[in-house]
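Subject: Structure handover

Hello,

Here is the structure I promised to pass on. My notes on it follow below the display.

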Amino acid sequence: VRRDGSAAGGAGIAGSPQPPRRVLVPSFVRRTLGRSSMAAVANAGTRDAEVVATLHTTVDGAPGATARRFRLPVGTTRRIWADFEAAFQSLGPFEGWLAVESDGSPLAVQVWEVGEPAALQPRTVAAFEGLPDAAAANDLIVPLFRSAQRGVRARETLSTRIVVVNPGPSDVEVTIAFTGAFNDAASPVCRGATFHHPPTVVPAGGRHVFRQAPGGGHNVPTNCFGSARITTSGADERVVAMAYDATAVDGAADILLSAFVAQGAGEAAGQVAMPLWRRNHVGLSTGIQVMNPGLDPVEVEIAFSVTDPRSGDSRAVTGCTVCQATIEPDDSVNWWPPAVPALRDGTFGGAVVTADGPVVVLVNDYPTADRGGRRTDPATYLGLAVP
């Protein structure tokens with residue numbers, strides 16, 4: 001982000017987990033839906049590392065693996081680009097996931113999914129961070145799902161796709177429960193209701209894409225959004241997941257795209273910081289989704305601060321009459337700065353959510369206006385737990 005808060009591009013904002021020796025990338029694709037993946041692998045340790053990057057794809061209905069080995073000196077980064085990596089060329093177009101492992105030094109991995117060049121066509125871009133191997137769990141939180149939610153422009157709808165990866169040695173049964181948000185923008189049949197995707201077996205080393213758009217094999221109604229929970233049938237059956245959040249016109253190809261990883265239910269926190277929000281600033285406004293993954297209702301409050309673009313100083317926002325809420329278990333609440341009277345148009349800043357129980361926060365920096373005749377892709381990130 002530049003000094004004035006404007007985005008340098010429509011990718012994403014990464015978290016900063018402790019770098020592990022083994023990192024999982026839930027989605028890694030080549031020339032699929034007009035996009036290919038690129039992963040930047042950094043040596044975050046104090047000695048050189050021998051790294052093995054293993055691509056897992058499904059061939060003839062069974063998971064297959066292709067490995068790429070390389071040496072990574074201290075303080076360096078190695079790019080793995082699906083389009084040009086020699087080890088992957090013979091596979092042609094593919095959809096898969098990546099496991100990156102070192103022989104000792106911890107690794108940090110950031111992933112971009114970039115549209116292929118096309119004449120007179122803008123290229124969609126999404127970004128997300130690789131997940132530590134320890135992030136695999138039997139209970140994962142997706143703070144925001146959408147099923148053909150109405151967009152900010154006519155004929156535009158937003159839908160998510162949730163990618164679940166089973167990195168373990170045995171098959172896993174996965175169920176996703178969706179809770180519609182109590183929000184006037186959602187259809188009446190969506191608000192506060194619970195919906196499901198039927199149990200689905202994800203094979204060992206395999207991956208499954210759950211689509212929330214109409215016709216995705218679930219009972220979620222149209223123009224519905226809220227939060228989702230991914231569970232497995234056993235405590236020792238652990239998965240990782242990420243979500244694509246796509247805007248389309250009349251159900252066609254993605255015209256805007258962002259991505260974020262699912263968070264373990266145990267990672268929810270009572271105080272969560274958000275480094276950036278906007279209200280109609282440089283063509284972007286920010287949706288803030290707060291989910292309660294616990295068993296009891298929680299009282300939450302959001303505190304905004306506004307940044308002076310000239311000095312970089314921030315001041316607290318006072319007089320907010322819509323900054324408190326009660327969230328029921330598995331439910332969520334959304335703050336949209338254009339609907340917060342205490343925030344002025346053209347402003348940006350940071351925010352902190354405080355709750356009397358653990359919550360998960362997702363921030364979605366969404367384009368509401370053109371800049372130079374085009375809209376940038378959204379930037380989506382999980383709020384940062386405050387110790």
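A disulfide here is a pair of cysteine sulfur atoms within 2.5 Å. Please keep in mind that the model is predicted.

Disulfides

Searching the whole structure by that criterion turns up two disulfides. One of them links Cys 190 and Cys 224, with an S to S distance of 2.1 Å. The angle about its S-S bond is 70 degrees, and the link is right-handed. Cys 190 sits in the loop between strand E13 (172-180) and strand E14 (194-202), while Cys 224 belongs to strand E16, so the bond ties together parts that are 34 residues apart in sequence. Cys 190 is buried, at 0% relative accessible area, and Cys 224 is buried at 0% as well.

The other pair is Cys 320 and Cys 323, with sulfur atoms 1.9 Å apart. This link is right-handed too, with 85 degrees about the S-S bond, and both cysteines are buried. When the bonded cysteines are numbered in sequence order, the pairing reads 1-2, 3-4.

Strand E10

Strand E10 covers residues 139-147, and eight of its nine residues are buried, so the rest of the structure largely encloses it. E10 runs antiparallel to strand E16 (residues 224-232), and seven bridges join the two. Ser 147 has Cys 224 as its bridge partner in E16; Cys 224 is also the cysteine bonded to Cys 190. E10 pairs with strand E19 (residues 263-264) as well, again antiparallel, over two bridges. There, Ile 141 stands opposite Gln 263.

Nonpolar cores

The largest nonpolar core has 71 residues, of which Phe 28, Ile 162, Val 174 and Ile 230 touch the most other members. Strand E17 (residues 240-249) contributes the most to this core, with six residues. Beyond its neighbours within four places in sequence, Val 174 contacts a set of residues that includes Val 164, Pro 198, Pro 199, Phe 210, Ile 230 and Val 239. There is a second, separate core of 29 residues, with Ile 327, Val 340, Ala 355 and Val 361 among them.

A buried glutamate

Which residues does Glu 85 contact, leaving aside its neighbours within four places in sequence? They are Arg 68, Arg 78, Arg 79 and Ile 80. Glu 85 lies in the loop between strand E5 (77-81) and strand E6 (94-102). Its relative accessible area is 6%, and because buried means under 20%, Glu 85 counts as buried.

Regards

Notes:
Residues numbered from 1 in each chain as written. Predicted model: local features only at pLDDT ≥ 70, side-chain atom pairs only at ≥ 80, totals over all residues. Heavy atoms only, no water. Buried < 20%, exposed > 50% of the residue type's maximum accessible area, 1.4 Å probe, protein only. Helix = DSSP H or I, 4+ residues; strand = E, 2+ residues; numbered from the N terminus. Pairing = 2+ DSSP bridges. Contact = heavy atoms within 4.5 Å. Core = buried A, V, L, I, M, F, W, Y, C linked by side-chain atoms within 4.5 Å.
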